[in-house]
Amino acid sequence: MASKLLHRVRAVSARLKYSRTLSPTLAAFASSRLLSDVAPSASTSPAPQSSGSSDKFEHNAKSSSVRSSLKDPELAKFSAIADTWWDSGGPFKPLHLMNPTRLAFIRSTLCRHFGKDPSSARPFEGMKIVDVGCGGGILSEPLARMGASVTGVDAVDKNIKIARIHADLDPVTSTIEYCCTTAEKLVEEQRKFDAVISLEVIEHVADPAEFCQSLSALTIPEGALVISTINRSMRAYATAIVAAEYLLHWLPKGTHQWLSFLTPEELVLILQRSSICVKEMAGFVYNPLTGRWSLSDDVSVNFIAFGTKNSQ
Amino acid sequence: MNRFIRKSFAVNLGGIRVRSRCLCGAAAAGPSGSIRQSNHGQEQQCSGTSIAQYDIAIVGGGMVGMSLACSLASMPLTKHLNVAIIDSNPALVNGIRINKQDPPDPRVSTITPATTSMFRDIGAWQYLQPYRHAYFDQMQVWDYTGLGYTRYHARDVDKDSLGCVVENKVLQSSLLLCIQNADFQKRIFPSRLVSMSLNPGLKSKQMDGISSEISRADLAKLHLSDGTCLYAKLVVGADGSKSQVRELAGFKTTGWNYSQNAVICTVEHASENQCAWQRFLPAGPIALLPMGDNFSNIVWTMNPKEALDRKSMTEIDFVKTVNHALDHGFGPHPTSSLLGKGNIFSWFGAGVPTSGNGGFEIPPKVVKLASERMVFPLSLRHANDYVSKHVALIGDAAHTVHPLAGQGVNLGFGDAFALSRVIGEAIAVGMDIGEASLLKKYEAERKPANIAMMAILDGFQKAYSVDFGPLNILRAAGFHAANYISPLKRSIISYASGEQRLPLFT
């Protein structure tokens with residue numbers, strides 16, 4: 001059943017790639033990672049895993065130049081709003097609002113797993129963390145303030161530039177390493193991290209299973225992986241698509257494709273096959289009265305999962 | 001550019017370490033440095049590389065500002081912060097000497113049990129304990145019409161006390177000792193804030209192209225009257241009702257001046273007073289607060305002309321008018337029932353334990369004046385916003401209330417603790433502490449509470465500024481209701497002791 005789903009997801013994502021137009025608020029949710037992760041792999045589409053990674057990466061390099069010529073109007077559009085990544089009232093507002101809640105989950109799960117002091121101001125001191133699909137760095141910077149040595153990767157060059165400039169404003173965050181690259185490329189460089197974090201990315205990649213393999217390959221044995229995404233539930237359809245896109249206009253119509261969402265069960269299964277054991281899962285709920293997000297047991301719309309890599 | 005930032009950061013760190021060690025040295029040098037800096041001279045004095053950077057700059061080292069510093073120093077998530085305290089009051093560097101033998105200072109605050117427990121949490125209570133502080137467990141409020149009164153007892157809310165009266169200088173010195181003994185990176189600047197730029201890097205770049213300034217774009221830059229400049233991620237305005245930070249940040253305020261002044265002084269009784277008394281007179285309320293050792297504090301609200309008269313009259317005459325105002329003056333003592341024998345409120349209280357509602361009592365006589373008389377104008381002022389990027393207002397800078405129930409400073413302490421908690425939460429999730437969205441959380445928490453208290457106190461003030469028969473009866477009925485309907489009474493006491501929000505406003 002899962003494989004059937006994956007096929008469907010793949011097909012949908014490939015379709016998506018060409019039909020969708022990128023607009024400011026799409027980027028807010030998708031964080032432009034769509035471009036970074038989808039573009040290369042979608043063009044190689046169902047390329048069998050055995051085809052050898054080096055081939056694939058060469059292809060990536062080629063396709064990225066193809067991509068920029070193809071997607072020029074969209075890249076231009078995105079570049080125009082990339083400057084607003086750090087405007088907490090701007091197009092990325094939904095992400096800014098959600099950020100403290102996501103970080104609270106990451107803080108508590110990682111502190112527990114790595115035995116760090118949760119009352120410390122810099123609990124992640126000495127830990128290496130990678131933020132896959134870092135966008136303008138709104139997750140990378142808090143992680144760095146919490147003491148981690150952070151690597152932020154994003155395939156969109158402009159994002160990386162914005163992230164770099166912003167991080168340099170504060171000596172604490174200026175230590176972040178930003179690279180315009182992909183998870184696959186990091187795997188090839190044999191980079192390893194204590195924790196791998198990729199938020200709101202997987203629903204936009206062409207092949208979630210392959211993506212999870214890469215994330216897992218970046219994680220040290222007994223290391224941690226955190227992924228967040230949107231559930232493929234009726235409520236998610238009603239809230240993330242109908243309400244957010246059509247009624248509230250938080251996101252442009254067509255931002256999310258319901259069929260490309262993963263249910264928590266599917267995510268657990270995919271991660272299991274990548275030697276990641278999911279230990280904890282939580283939902284995000286939005287309170288329209290306070291305008292704030294909070295953690296809950298309700299995983300029916302937005303959810304976040306924490307897993308650890310098997311020791312072997 | 002990167003390298004430059006790291007370098008200057010290293011310099012800053014070094015500077016800070018040295019500075020916190022030679023705090024005493026700076027202290028000695030502080031007050032002697034004359035303040036003759038004028039506005040135009042600052043820019044030249046602030047050279048790019050030597051400017052120190054702080055996490056938080058607290059402008060105003062009064063009770064509220066210091067309580068913020070103490071609270072930050074006491075929490076594991078915030079104690080690493082590097083804080084600048086800006087206040088030209090020499091006491092901050094020289095310390096405050098309190099002679100226990102002196103009669104109490106007339107400037108006092110009634111701190112609520114909620115504030116007391118906050119002081120314990122931040123570790124300042126141990127420094128307050130040795131000095132004079134008077135708990136009271138009873139309160140009587142009545143008015144001049146003789147129609148109503150109400151008596152509260154701490155037992156009504158299962159508490160030991162309703163509040164504690166402490167001299168401001170004792171509060172201030174305990175907070176100062178607390179911060180001095182805390183393991184905390186702070187520096188006191190004995191100076192005044194002159195100007196503030198909230199986007200300094202960008203501006204300077206356009207003006208004179210100093211590239212070093214770009215790296216500071218995300219900080220506030222402060223210019224002090226002694227020519228010092230400093231950068232801070234967050235500037236906290238704790239500089240009172242005429243807040244310079246509020247003006248410089250361009251926050252608008254709403255409010256009005258009451259055409260009233262408060263006369264305050266310390267008085268002495270023949271025996272110890274253990275109850276807080278408040279009587280509403282035609283021109284405003286008079287309050288008599290126990291100070292311990294036969295002393296009480298008086299806060300008497302009246303029109304400005306009267307206030308001047310009362311201040312200049314002889315001591316003997318003044319004591320006479322005080323006793324008159326607290327006893328038979330302006331009207332008779334209230335009787336315990338409003339409408340003769342058939343008291344309409346008596347059956348409300350029937351099912352509820354009366355918990356020692358004593359009858360009406362007359363306050364103890366004042367025998368002599370024990371301090372000078374001071375006169376303060378009263379006003380109500382509320383900042384429309386408490387926060388913007390890099391700026392937050394706390395205490396009187398955000399809201400000045402009628403001193404009617406001694407709530408002003410408690411609201412300020414509430415602000416300080418709320419702000420430090422919000423900062424701690426932000427640090428827990430790695431946020432930039434100057435971020436407006438974070439600061440908004442503080443505002444959302446405090447504004448409703450402060451506005452509710454202001455509205456209640458203002459309403460009280462207005463209700464008593466009119467002497468009109470039917471209204472007097474209504475007010476008296478209000479007192480009776482409050483005296484007899486226990487749940488209502490309980491919630492009023494809880495509210496006044498800072499423990500809960502009035503259900504109406506939540």
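## Confidence of the model

What pLDDT does chain B average, and what percentage of the residues score at least 70? In this predicted model, chain B averages a pLDDT of 77, and 71% of the residues score at least 70. Residues 337-356 of chain B have a pLDDT below 50, and beyond near neighbours in sequence this stretch has 23 contacts in the model. Over residues 501-506 of chain B the pLDDT likewise stays under 50, and for these residues the model has 8 contacts beyond four places in sequence.

## The two chains in outline

Chain A contains 12 helices and 8 strands, and buried residues make up 58% of its 312 residues. Where contacts in chain A between residues at least 6 apart in sequence are considered, 71% of them join residues at least 24 apart.

Chain B contains 16 helices and 20 strands, and of its 506 residues 55% are buried. For contacts in chain B between residues at least 6 apart in sequence, the share that joins residues at least 24 apart is 79%.

## Strand β1 of chain B and its partners

Strand β1 of chain B spans residues 52-59, and because 8 of its 8 residues are buried, this strand is largely enclosed by the rest of the structure. Strand β11 of chain B, residues 229-237, pairs with β1(B) in the parallel sense over 7 bridges, and within this pairing B:A52 stands opposite B:L230 in β11(B).

Strand β1(B) is also joined to strand β2 of chain B, residues 82-86, by 4 bridges, and these two strands run parallel. In this second pairing B:I58 stands opposite B:I85 in β2(B).

Strand β6 of chain B, residues 149-153, is mostly covered, with 5 of its 5 residues buried. From β6(B), the residues B:Y149, B:R151 and B:H153 point one way, while B:T150 and B:Y152 point the other way, and all of them are buried.

The pairing of β6(B) with strand β5 of chain B, residues 138-143, is antiparallel and extends over 5 bridges. One of the pairs is formed by B:Q138, whose bridge partner in β6(B) is B:H153. The hairpin of β5(B) and β6(B) has 5 residues between the strands, and in this hairpin B:G146 takes a positive phi near 75 degrees.

## Positive phi values in chain A

Most residues other than glycine have a negative phi. A:Q190 has a positive phi near 60 degrees although this residue is not glycine, and A:E200, also a residue other than glycine, has a positive phi near 55 degrees.

A:Q190 lies in the loop of chain A between α9, residues 183-188, and β4, residues 193-199, whereas A:E200 is placed in the loop between β4 and α10, residues 208-218, of chain A. Are these residues buried or exposed? A:Q190 counts as exposed because its relative accessibility is 67%, which lies over the 50% cut-off for that class. A:E200 counts as buried because its relative accessibility is 0%, which lies under the 20% cut-off.

A:A243 is located in helix α11 of chain A, which spans residues 234-247. The relative accessibility of A:A243 is 18%, and A:A243 therefore counts as buried, since buried means under 20% relative accessible area. When its neighbours within four places in sequence are left aside, A:A243 is in contact with A:A238, A:L248 and A:H249.

Rolling a probe the size of a water molecule over the atoms shows where empty space is left. The structure holds 9 cavities of 30 Å³ or more, and the second largest cavity contains about 90 Å³ of space.

Which residues line the second largest cavity? From chain A, the lining includes A:E141, A:R145, A:H166, A:L169, A:D170, A:P171 and A:T173. From chain B, the lining of this cavity includes B:Q53, B:D218, B:L219, B:K233 and B:D432.

Terms used: Residues are numbered from 1 along each chain as its sequence is written. Chains are lettered from A and ligands numbered from 1 in the order in which they are written. This is a predicted model: local features need pLDDT of at least 70, side-chain atom pairs count only at pLDDT 80 or more; totals for chains, interfaces and linings use all residues. Side-chain values use heavy atoms; hydrogens and water are left out. Buried means under 20% relative accessible area, exposed over 50%, partly exposed in between (1.4 Å probe, protein chains only). Two strands pair if DSSP finds at least two bridges between them. pLDDT is the predictor's confidence in each residue, from 0 to 100. Contact means heavy atoms within 4.5 Å. On a 1 Å grid over the protein atoms alone, a cavity is a set of points where a 1.4 Å probe fits but cannot get out, and a pocket is an open set with protein on both sides within 12 Å along at least five of seven lines; lining residues have an atom within 4 Å of a point. Grid points are joined across faces, edges and corners, and a volume is the space filled by probe spheres set on the points.
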